[in-house]
Amino acid sequence: APSLHTLNLNFLGNYIGDTGAQALASLKEAPSLHTLTLNLWANFVGDSGAQALAALKGAPSLHTLTLNLGKNCIGPKGAQ
C-alpha cells in the first residue's frame, strides 16, 4: 500500500506464532509507513518471530514503532 502512513493492528490472543510475526515483519517494505503499532500480546511468538520483528527497526521510512510482545514464548535468543 504505497499511501499507508499509519497502521495500528491489535492481534491480542490470535495465536499468530512465528509465521504470522514473520509475515508482519514484511511491513518494513512499506515505502511510506511512518507509524506502526502492533499489539501481539499472547500470540505464541517465539525467538524467530521476535527476531523477524526486530528487523522493523531498520525500516527506512518508519519513525515510530510500538510492539507489545507480552505473554509470548520469547527466550534470550529472541530478545537480543
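How do strand 1 and strand 2 pair, in the parallel or the antiparallel sense? Strand 1 (6–10) and strand 2 (35–39) pair in the parallel sense, over five bridges. Two strands pair here if DSSP finds at least two bridges between them. Helices (H or I, at least four residues) and strands (E, at least two) are DSSP runs, numbered from the N terminus.

A quick word on what you're looking at: this is a predicted model, in which local features need pLDDT of at least 70 and side-chain atom pairs count only at pLDDT 80 or more, while totals for chains, interfaces and linings use all residues. Residues are numbered from 1 along each chain as its sequence is written, and side-chain values use heavy atoms, with hydrogens and water left out.

**Strands and crossovers**

Back to the strands. T6 has T35 in strand 2 as its bridge partner. Strand 2 is also joined to strand 3 (64–68) by five bridges, and these two run parallel. There, L38 stands opposite L67 in strand 3.

Strand 1, helix 1 and strand 2 make a right-handed β-α-β unit, and so do strand 2, helix 2 and strand 3. Right-handed means that, with the strands pointing away from the viewer, the path from the first strand over the helix to the second runs clockwise.

**One face of helix 1**

Helix 1 (17–25) has G17, G20, A21, L24 and A25 buried. Seen down the helix axis, these buried residues fall within an arc of 145°, so they line one face of helix 1. (The arc is that of the directions from the helix axis to the C-beta atoms.) What do they pack against? The buried residues of helix 1 pack against strand 1, strand 2 and helix 2.

**Some residues in the loops**

Buried means under 20% relative accessible area, exposed over 50%, and partly exposed in between (1.4 Å probe, protein chains only).

| Residue | Relative accessibility | Class |
|---|---|---|
| S32 | 12% | buried |
| L62 | 15% | buried |
| L56 | 1% | buried |
| Y15 | 58% | exposed |

L56 and L62 both belong to the loop between helix 2 (47–54) and strand 3. L56 touches a whole list of residues, among them L24 and A25, as well as L36, L38, L65 and L67. Contact means heavy atoms within 4.5 Å, by the way, and that list leaves out residues up to four places away in sequence.

S32 sits in the loop between helix 1 and strand 2. Its side chain reaches the backbone oxygen of L4 at 3.0 Å.

**A pair of rings**

Rings of Phe, Tyr and Trp (its six-membered ring) pair if their centres lie within 6.5 Å; planes under 30 degrees apart count as stacked, over 60 as edge-to-face and the rest as tilted. By this rule there is one aromatic pair. The rings of Y15 and F44 have their centres 5.2 Å apart and their planes at 25°, so the pair is stacked. Y15 lies in the loop between strand 1 and helix 1, and F44 in the loop between strand 2 and helix 2, so the pair ties together parts that are 29 residues apart in sequence.

Key. Polar contact = N/O pair within 3.5 Å; in protein donor to acceptor, adjacent residues only side chain to side chain. Arc of directions from axis to C-beta.
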